[in-house]
Amino acid sequence: MTILPLKKEHWPQFAEIYKEGILTGNATFRTQVPDWKTWDSNCHKHSRFIMVQEEEVLGWCTLAPVSKRFEYRGVAEVSVYIKLNSLGKGIGASLMEKLIESSEENGIWTLYSSMFSENNGSVRLHEKFGFRKVGYRERIAQLNGVWRDTVIYE
């Protein structure tokens with residue numbers, strides 16, 4: 001397995017993994033995968049990676065700015081998605097390690113994640129890398145008509 005920078009040509013496989021995450025109901029409030037242009041415009045150009053094995057994308061990670069304000073330029077939101085049939089193989093840990101290294105190289109001083117508390121794999125991954133729970137948002141948004149809570153890790 002190899003970690004590579006994400007490129008537009010990876011988008012179809014990337015989007016399939018994103019879709020799998022959406023369908024679990026525990027990865028995101030999104031109900032549809034955005035198109036490349038929308039997704040690309042909302043994420044940092046640095047710190048976007050995929051894990052591949054024999055040209056198959058097994059997972060991806062990226063950072064997105066949390067604010068357009070100058071004062072928050074070094075604060076980014078973490079996203080890590082793994083192909084469901086590749087869970088438990090250390091892909092998330094490898095991608096998180098690469099993402100943290102890249103964030104430091106690119107002037108990011110705070111990494112942030114908001115996730116469903118039921119997403120045990122994501123919670124464990126963040127805790128493994130020293131993220132700490134800093135908050136809880138009750139009824140922050142609805143997913144398919146159901147109010148959901150999130151936990152916040154930094």
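Author: Happy to! Helices (H or I, at least four residues) and strands (E, at least two) are DSSP runs, numbered from the N terminus. This is a predicted model, where local features need pLDDT of at least 70 and side-chain atom pairs count only at pLDDT 80 or more, while totals for chains, interfaces and linings use all residues. Residues are numbered from 1 along each chain as its sequence is written, and side-chain values use heavy atoms, leaving out hydrogens and water.

Reader: Thanks! Where is Glu-54, then?

Author: Glu-54 belongs to the loop that joins β2 (48-53) and β3. Glu-55 is in the loop between β2 and β3 too.

Reader: Are Glu-54 and Glu-55 buried or exposed?

Author: Buried means under 20% relative accessible area, exposed over 50%, and partly exposed in between (1.4 Å probe, protein chains only). Glu-54 has 78%, so it is exposed. Glu-55 has 73%, so it counts as exposed too.

Reader: And what does the backbone do there?

Author: Most residues other than glycine have a negative phi. Glu-54, though not a glycine, has a positive phi of about 50 degrees. Glu-55 also has a positive phi, near 70 degrees, and is likewise a residue other than glycine.

Reader: Good to know. Let's switch to helices. Which residues of α1 are buried?

Author: Those are Trp-11, Phe-14, Ala-15, Ile-17, Tyr-18, Gly-21 and Ile-22. Looking down the axis of α1, they fall within an arc of 160 degrees, so they line one face of the helix. That arc is taken from the directions from the helix axis to the C-beta atoms.

Reader: What covers the buried residues of α1?

Author: The cover includes α2, β3 (56-65) and β4 (75-82). On the face of α1 turned away from the buried side you'll find the exposed residues Pro-12 and Leu-23.

Reader: What comes just after α1?

Author: Gly-25, which takes a positive phi of about 80 degrees.

Reader: I can see lots of rings. How many aromatic pairs are there?

Author: A search of the whole structure turns up twelve. Rings of Phe, Tyr and Trp (its six-membered ring) pair if their centres lie within 6.5 Å; planes under 30 degrees apart count as stacked, over 60 as edge-to-face and the rest as tilted.

Reader: Why is the pair of Phe-14 and Trp-39 edge-to-face?

Author: The planes of the two rings stand at 65 degrees, with the centres 4.9 Å apart, so Phe-14 and Trp-39 make an edge-to-face pair. The pair links distant parts of the chain, since Phe-14 is in helix α1 (residues 11-24) and Trp-39 is in helix α2 (residues 36-41), 25 residues apart.

Reader: Are Phe-14 and Trp-39 buried or exposed?

Author: Phe-14 is buried, at 0% relative accessibility. Trp-39 is buried as well, with a relative accessible area of 5%.

Reader: Which residues do ring pairs link into a cluster?

Author: Trp-11, Phe-14, Tyr-18, Trp-36, Trp-39, Trp-60 and Tyr-81 are joined in this way.

Reader: Last one: where is Ile-3 placed, and what is Ile-3 in contact with?

Author: Ile-3 is in strand β1 (residues 2-5) and counts as partly exposed, at 27% relative accessibility. Contact means heavy atoms within 4.5 Å. Leaving aside neighbours within four places in sequence, Ile-3 is in contact with Phe-49, Ile-50, Met-51, Ser-94, Leu-95 and Lys-98.
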